[in-house]
Amino acid sequence: MWHPSALQSALRSVFMMLGGYRRLPTEPFHDGDEEVPSHSTEVGDDTTSVVVLEEEAHVGVKKVEATLQVYGRYPRWILFASLALASFVYSLDASTTSAYLTFATSSFGEHSLIGAITVVQSLIVAVGKPVIAKIADVSSRGTAYVTVLCFYVLGYSVIASAQGVGAIAGGIILYAIGNTGMQLLTQIIIADITTLSWRGLVVSLASTPFIINAFVGPNISSAVIKHLGWRWGYGMFALVMPLVLAPLIATLLWGERKAKKLALVDSLLGSARSRARSLSRYSQSSQGSEIGFQLGYTALKQRLKRLAEQLDLVGLVLLGAAISLILLPLTMSVRGSLKSGSIIAMLAVGVALLGIFAYWDIRVAKVPVIAPRFVRNRSVILAAFIGFFDFMSFYLTFTYLYSFVLVVKPWSLVNATYFMQIQTVGLTFSGIIAGICLRYLRRYKYVLVIGLIVRFVGVTMMIHSRGANSSDAELVATQVLQGLGGGLAVVSSQVGAQASVTHADVAIITALVLLLTEIGAATGNACAGAIWSNTMPGNLDKYLPWLTDEQRAELYGSITSVTSLPRGNPVREGVIQAYDDTMKVMVIASIVASVLPMLLALGMPNWYLGDRQNAVDATDLDGRKSVETESGSSEVGDVNGGDMLRTGDPVA
């Protein structure tokens, strides 16, 4: 008799196949069970290899699922508390160490190299995310944390003991690998241990320390520089961070070890490996006992080749090189060099490598970085481009905002610094509101669209508030609105993207969405720099025609030469008008860029945020299948970007 569960299983399989997912058997084969493939009586070694590679490429996911099966109440609370402590130290690091770089480079007489060092750091932050996500999937979350922590400690140790600016640059590179890895892994682990209904709130709570450290951090950095020196500013984090992360790493590794002892990981991996063994019988039945053990160099070479295939090492190198060659010219264009031959050549090679990477991942790679199913996933693609244009819009106005308020407003340095923290605080606060809304609405699209609209209003208000005669309250209001809208949008879009993929893909799609967001930030910086370099000199000529070229060049190149003049001085008032006209162009470009995320958000599927790991299969956090929602209704997910369907519920 045809059972309803059989129909449900068939429908689920169809949905998964349409979205590019192919579910492996959920039960291992038993002796005597021969499953002959329907399409052929023989299956090649390549098919067997791909099945095993695909499963082993996500062994880190299986380990964390098995770990959650052995965690009791106290290990879970230790894990959450450790994440909270780590998040606090991350935010303190971000709020203090940026000030030390100026003093570190100046101590060696190389202050002008700050820009180059920052460019390299931004490249590592961007291209490192997919690499770290792959490592976390292939090995385990705990192993990945240990790896990035070593880079972090080594980087800050090199900086603290540096005897030249070259050592500082090398330390920054090592630190950037560790820092971006720790922050990405925090997001991944939160996705591992939280259901969709709670994930937005937990993600936003992880950013809560920024509310405190945004104002405490500058005071700490000032005291460290005054009493201890910049070396201790870096060195203390090299000492503190391992102590802070020790409980988190120990909890993860303990859980992985216990799950391994109980054979829970092997149980989760057993289905695919049994499937591979079954397939192998048809391709290797004639060989039998002729296949022996391969030892020594050959065995090592095969293991390294297998690891490279699991990581898609070639794809990662191609992607990293392409993104670097695209981001580097965009960042360098801040200095007005976009038209030079070398910049154009780097952009061209970067785009070409991006095409080669696409061909490699589509046609050659066995376990690609960007699988075809990601490209077909509407939620992932739209979330990535929403992040791209949103951050592009943000940096179009934010890049020169600090200089703008110092020149236009008679504020102290402290007040100007507090003003620059408004968006960070607003984004963090509204992120918590977004998390609460997602928890109780069980849908994210409404929050996403409202957030982008609020942010658009804040950007649009800058057209009027950018002038010298605007009130302080009006200028502050623009930043408050942008922060509130940004927090709603960031949290909801991230949850929406993660809801649309299975647990095995959460790490890499999180990294890819953040990667495109970083590219958007670099593009916004580049556009702001191009606008500045192409309009500001002309505006200074327009409003200060009585000054010499040398005097205008000094005003263009040094903000202190402007702020040293009192308000009411004809020169400063002329500079204010020049800033006003230049900022107007940036704001208009930002408004145009902020329209696109609103339109893209309308096309996002409105996934149901239930008490499951994701919305495309019925998997709980520990990897076990369930077909019931909290209310008892069955679910069917469309990986290809459709809404979450619940029997008896209308589609939102």
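The structure is a predicted model, in which local features require pLDDT of at least 70, side-chain atom pairs count only at pLDDT 80 or more, and totals for chains, interfaces and linings use all residues. Residues are numbered from 1 along each chain as its sequence is written, and side-chain values use heavy atoms, with hydrogens and water left out. The protein has 652 residues, of which 52% count as buried (under 20% relative accessible area; exposed is over 50% and partly exposed in between, with a 1.4 Å probe and protein chains only).

**Confidence**
- The mean pLDDT (the predictor's confidence in each residue, from 0 to 100) is 78, and 79% of the residues reach 70 or more.
- Where pLDDT is low, the predicted coordinates should not be read in detail.

**Overall make-up**
- The secondary structure consists of 25 helices and two strands, taken as DSSP runs (H or I, at least four residues, for helices; E, at least two, for strands) and numbered from the N terminus.
- Of the contacts with a separation of 6 or more, 81% join residues 24 or more positions apart.

**Helix 6**
- Helix 6 has 20 residues and spans 29 Å from first to last C-alpha, close to the 28 Å expected at 1.5 Å a residue (1.5 Å times one less than the number of residues).
- Its buried residues are R141, G142, A144, Y145, V148, L149, Y152, G155, Y156, I159 and A160.
- These residues lie on the same side of helix 6 because they cover an arc of only 150 degrees around the axis, taken from the directions from the helix axis to the C-beta atoms.

**Aromatic pairs**
- There are 18 aromatic pairs (rings of Phe, Tyr and Trp, the last by its six-membered ring, with centres within 6.5 Å; planes under 30 degrees apart are stacked, over 60 edge-to-face and the rest tilted).
- The rings of Y156 and Y234 have centres 5.3 Å apart and planes at 55 degrees, so this pair is tilted.
- Y156 in helix 6 and Y234 in helix 10 (residues 230–261) are 78 residues apart, so the pair links distant parts of the chain.
- Y156 and Y234 are both buried.
- Ring pairs join Y100, Y152, Y156, Y175, W230, Y234 and F237 into a cluster.

**Cysteines**
- The whole structure contains zero disulfides (pairs of cysteine sulfur atoms within 2.5 Å).
- C150 is partly exposed, at 48% relative accessible area, and C437 is partly exposed at 27%.

Conventions. Contact = heavy atoms within 4.5 Å.
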